[in-house]
Amino acid sequence: MMRGCLIALLVSLVLCATAAYAVDPTQMPTPALQARYLSLTHELRCMQCQNEAIADSPVDLAADLRRQVRDMLLAGRTDDDVRNFMVARYGEFILFRPRMSMRNLWLWLTPGLLLGVGALVAVRIVQQRSRLVPQDNEPLEEDIRS
Amino acid sequence: MLPELGHFALILALLLAALQAFFGIAGPMLGRDRWIAAVTPAVAGQFVMIGTSVACLITSFVGNDFSVAYIAENSNSALPLFYRVSAMWGAHEGSLLLWIFILSCWTVAVTIGSSRLPPRFAARVLGVLGVVSFGFLLFTLATSNPFNRLDPAAPDGRDLNPVLQDPALAIHPPILYTGYVGFAVAFAFACAAMLEGRLDQNWARWTRPWTTAAWAFLSCGIALGSWWAYYELGWGGYWFWDPVENASFMPWLVGTALIHSLAVTDKRGLFKSWTLLLAILAFSLSLLGTFLVRSGVLVSVHSFAADPTRGIFILVFLIVMIGGALTLYAWRAPLLKSQAGFELGARESFLLFNNILLVIAAATVFAGTMAPLISDSLGLGTLSVGAPYFNPTFMLSMLPLMALLSVGIHTSWKRGRLGDKKRMLLTTLVVAAVLACGLAFGIYSKGRVLTPVGAAVGIWIILTSLVDPIDRLRRKLSLPRAVVGMTIAHIGIGIFVLALTTVESFTVEHDVSLAKGGMTTVGAYEFRFVGVKAIEGPNYDGVGGTVVVTRHGAPLTVLYPQKRQYWVQHSVTTEAAIEMHYGSNVLVALGEDLGAGKWSVRIQVRPLVNLVWLAAFIMAVGGGIAASDRRYRLARTAEAPVMSGAAGEGAG
Amino acid sequence: MNRFALPLGLFALLAVVLAIGIKHSPDKGTIASPLIGKAAPEFSLPSLTDASRIVKSSDLRGRWYVFNVWGTWCGGCRLEHNVLLQMRHADVVPIIGLDWRDNDAEALSLLSQLGNPYELIAVDHDGREAIDWGVYGAPETFLVNDQGVVVYKYIGPLTQEAWEREFLPRLPAKQAEKS
C-alpha cells in the first residue's frame with residue numbers, strides 16, 4: 001500500500017509538476033493555415049495534464065503533438081486526417097470535441113432533443129392554463145393593494 | 001493539544017447534529033413540543049463546536065504545527081501569514097471542514113430568521129439541515145480528518161500549492177461554498193414542507209430570501225474563480241468548461257431557475273411541484289459537485305486527490321439525501337393542484353420559458369460533464385468533452401432566454417396584453433440594434449454574424465430593465481428593494497451578454513518569440529521586449545520580463561510579467577501582467593526561454609473582459625439587495641396576508 | 001407509476017453510473033490504447049548501444065517481445081528498472097527499449113550503473129516514434145506477439161506482480177513455462 005502511494009505520488013509529480021502553460025509562437029505560412037492550426041491544437045487534449053488542450057500544455061509531449069499537427073498541415077493533410085491520426089494512436093479520448101459517431105450521437109442530440117421536449121411541455125402547459133383563465137377569479141396581489 | 005481539541009469538538013458536533021436531526025424531524029412528527037424546543041440549543045451547540053474546531057485548525061496552521069499531517073502537506077514556515085490562514089481550506093480535508101462550518105453558519109442564520117415561522121415547520125427545516133450536517137461531519141471524521149497527527153512530526157511543511165497563493169483564490173472557496181451550501185436552506189424548506197404535507201405558497205415565500213442570498217454568493221464565487229483563472233493560470237482564458245467549474249455552474253443555473261419559479265409559486269400559487277423539484281435539484285447538484293470534485297471519477301485540473309473510499313461514502317450520502325428527498329417528492333407532489341390560469345403573453349408564461357430554458361442549459365452542461373462517465377459505464381469507451389462541445393450547445397438555450405428576457409420583465413401577471421409597453425419595447429430594441437451595430441462595425445470594425453445580435457440583446461436588456469424603475473422614480477412611487485435588486489441583477493445579465501459578445505468577437509491574441517529589444521504589434525498596440533532579469537520573493541524566485549507598451553507610438557505603460565519557481569514544491573507559475581486601457585485588458589505573459597535572450601511571449605488584447613466579472617458581481621449585488629427586502633422577513637399566513645410588497649415585483 | 005416518480009428513477013440511473021465511475025476510478029488517468037489488437041507501428045531507429053546498428057521492427061517479426069518506453073529523466077522508470085532486470089534474467093521474452101526524448105550519453109551511463117535489461121534499445125530523440133505508439137507518459141510497456149500485433153499495454157512503473165498477472169498469462173504457453 002505504502003509503495004503504491006509512493007508510486008502514485010511520483011507519477012503525479014512527473015505528470016503535472018507545473019502550473020505554467022505553453023506559449024506557442026508557431027507561425028504558419030498563411031492565415032488560413034494558422035487558424036486551422038490554432039483550432040486543431042485547441043481541440044486536442046494533452047494526454048499528460050489531462051484537462052488542457054495541447055495548445056495550452058507546457059509539457060514536452062504537447063509540444064511534440066503540436067509539431068505533429070503543424071507538419072501534417074504543412075504537408076497538405078486535412079483536419080480530419082489529423083484527427084484520425086491522433087485517434088488511431090491515442091483513442092477518442094484525445095478529442096475535446098467528441099466526433100459525430102454512433103457512439104457519441106446521444107451526446108450531440110441531447111441539447112436539441114431537450115429543447116424540443118421543452119417546447120412541447122411549454123406549449124401544453126400554456127394551453128392548459130389559458131383555458132383556466134376565465135374561471136380563475138383569485139385576485140392578484142396588485143389588485144388587492146390598489 | 002489544539003488538534004486533539006479540534007478533533008474532539010468535531011465529534012461533539014457530530015453528536016449534536018444527530019440530536020438536531022432527530023429532534024427536528026421526530027419532534028413535529030410525534031407532536032413532542034419539548035423535543036422541538038431542544039432543536040435550537042443543538043444548533044447553537046453545534047455551531048460553537050464547529051467554530052472551535054475551525055479555530056483550532058487555523059491556529060495550528062498559523063503556529064506552523066507540522067505534526068498535523070494536513071498542515072505538513074499544505075503549509076510551510078516560509079508561507080506568508082495570510083496564506084497560512086487560507087491554507088486551511090487549501091485541500092480536501094480542510095475545505096470539507098469549511099463546508100461544514102458554512103452550513104453551520106447558514107443553520108444559525110435560519111434559526112434566527114425563522115423566529116416568525118410556525119415552530120413545527122422551523123423545527124423540520126432545522127432537522128433536515130441537521131441531517132446534511134451529520135452526513136458531512138461523519139464523512140469528515142471517517143475519511144478525511146484534518147487533525148490526524150504525523151509521527152514523527154515533519155520538520156517543515158510541503159507548502160501550499162503555489163497557484164493557490166493568491167488573494168482572489170484565498171477568498172474564493174468561502175464565498176463559493178456559501179453559495180453552494182446556501183441551497184441547502186431551500187432544500188430543507190422544501191423537505192420540511194413535504195414532510196409536513198402543508199404545501200401551500202407559504203414555504204415558497206419563506207424560502208425566497210435564502211435562495212436569492214445563496215445565489216448571490218454563488219454568482220460572486222464563480223466570478224472570483226473565473227477571474228483568478230484568467231490572470232493566474234496565464235492562459236488568458238476565463239472559462240474552461242472544466243468538470244469542477246461545471247460542478248459550480250450547474251447549481252447556479254438551476255438556482256437561477258428556482259429564484260424565478262419561487263416568484264411564481266409565491267405570487268400565483270402556480271408551479272408548486274416544479275418549484276419543489278427545483279429546490280431539491282439545486283442542492284442535489286451542489287452535492288453532486290462535491291462528489292465529482294472529491295471522488296476522482298472525473299479528470300480535472302482543479303480536483304482534489306482522488307480516493308475511491310471517499311467516493312463510496314459520498315455516493316451513499318447522495319443516495320440517502322437526494323433519494324430520500326425525491327421519494328418524498330414522488331409521494332407528496334401528486335397532491336398539489338392549482339386552478340390558476342394565465343395567458344400566453346402573461347408573466348407566468350415567460351417565467352415558464354425561463355425555467356425550461358435554464359433547466360435545459362443545466363441539463364446540457366450536465367450531459368457534457370457526465371458524458372465521459374456515462375460513456376464509460378455503458379461500455380462505449382472513453383471520450384472527452386470540452387469547450388468545442390459546450391460553447392455551441394450552451395448557446396442553443398441561452399440565446400432564446402436572453403432574447404425573451406426584455407419582454408418578460410414588462411409582462412403582467414395572468415393577462416397577456418403588453419398594451420403601451422409594446423411601443424417602448426420596439427423603441428428600445430431599435431436603439432439597442434443601432435448601438436450594437438455601431439459597436440460591431442464602428443468601434444471594432446469586424447466580427448461575426450452573432451456579434452451585433454449578441455450586443456443588441458445585451459443592450460436591449462439593459463435599456464428595458466431601466467425603463468420601469470426610472471418611470472417609478474419620476475412618478476415618485478416607492479421602489480421596493482426586491483424591484484431594485486431584480487433590476488440590478490438583470491442589468492448585470494445585460495452587461496454580461498454584451499461583454500461576452502465583445503470579448504469573444506474582438507479578442508486579439510498572439511504568441512510570439514521576441515529577442516531582446518524585439519518589437520511586435522498586436523491590435524492597436526506595439527510591444528517592445530526589453531529583456532528579463534532575476535527576481536526573488538518570500539518563498540520563490542524566478543525571472544521577470546519588462547515589456548514596454550505603446551499605442552500608435554505613444555507610450556502607454558510598462559508591463560512586468562513573471563515566471564516564478566516556488567522553492568518547496570519546485571513548481572513554476574506564470575504571473576501575467578495586465579493593464580487595462582479603454583476597457584481592454586492588455587495581457588503579457590512570459591513563456592519559455594528560447595535561448596540567446598529570446599523568449600516566447602503571449603500577448604493578448606481582450607476588450608471589455610473585466611465587464612464579464614463585473615457583471616457577475618453586479619448580479620450578486622442585485623441578489624443581495626433583493627434578498628434584504630423587508631417584505632420577505634414577515635411571514636405571511638393565510639389569515640393575515642401581509643402585503644407591503646409592490647406591484648410588478650416577482651420576476652426577479 | 002406517477003410522473004412525479006420520474007426524477008427518482010433518473011436519479012437511480014445516475015447513482016448506478018456514479019457507482020461504476022467509482023469502481024473504474026483507480027485506473028483513471030490510464031487510457032486504454034487503441035493499438036491493442038492492431039499491428040505495432042513499423043520503425044527503423046538508431047540503436048543506443050551500437051551506433052552502427054539500426055533497430056528495425058521487421059527484424060523482430062516472428063518473435064514475441066516487450067516494448068518498454070523509458071528515459072533517464074523519468075522517475076517511474078527508475079522504479080521499474082529492477083523488475084526489468086529480473087525479467088531479462090528469467091529470459092522469457094526479449095525486452096526492446098525505446099529511449100524517449102533523452103540524452104544518449106546519460107542513458108548509457110545510467111545503464112552501465114544499473115545494468116542493462118534490454119536486448120536492443122531504439123533511440124527516439126524527437127518523440128515521433130512515441131507518438132506512433134500513443135505514448136503519453138513514461139514508463140509504458142507493450143507486449144507484441146510474433147505476428148507483430150500489440151497484445152497488451154501497461155501504463156506506469158512495472159511491478160513483479162503486474163508482470164506475473166498481466167504479461168505471463170498472455171505469452172504462448174511454452175514460452176511462459178520458462179519462467
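Me: How many residues does the contact take from chain C and from chain B?
Reply: This is a predicted model, in which local features need pLDDT of at least 70, side-chain atom pairs count only at pLDDT 80 or more, and totals for chains, interfaces and linings use all residues. Residues are numbered from 1 along each chain as its sequence is written, while chains are lettered from A and ligands numbered from 1 in the order in which they are written. Two residues are in contact if their C-beta atoms, placed from the backbone, lie within 7 Å. On that criterion the contact takes 20 residues from chain C and 26 residues from chain B.

Me: By class, which residues make up the side of chain C that touches chain B?
Reply: Ala, Val, Leu, Ile, Met, Phe, Trp, Tyr, Cys and Pro count as nonpolar, Asp, Glu, Lys and Arg as charged, and the others, Gly among them, as polar. By these classes, this side of chain C has one charged, five polar and 14 nonpolar residues.

Me: Which element gives the most to the side of chain B that touches chain A?
Reply: The contact takes 58 residues from chain B and 46 residues from chain A. Elements here are DSSP runs numbered from the N terminus: helices (H or I, at least four residues) and strands (E, at least two). Those giving two or more residues to this side of chain B include α14 (387–408), β1, β9 and β10. The most, nine residues, comes from α13(B).

Me: How many residues of strand β10 of chain B are buried?
Reply: A residue is buried if 20 or more other C-beta atoms, placed from the backbone, lie within 10 Å of its own, exposed if 12 or fewer, and partly exposed in between. Strand β10(B) covers residues 598–607 and is mostly covered. Of its 10 residues, the buried ones number eight.

Me: Which residue of β10(B) is the bridge partner of V586(B)?
Reply: Two strands pair if DSSP finds at least two bridges between them. β10(B) pairs antiparallel with β1 (508–514) over seven bridges, and nine bridges join β10(B) to β9 (584–595), also antiparallel. For V586(B), the partner is V605(B).

Me: Why is one side of β5 and of β7 in chain C left without a neighbour in the sheet?
Reply: Five strands of chain C form an open sheet of mixed pairing, in the order β5-β4-β3-β6-β7. β5 (120–124) and β7 (150–155) stand at the edges, so each has a single partner strand.
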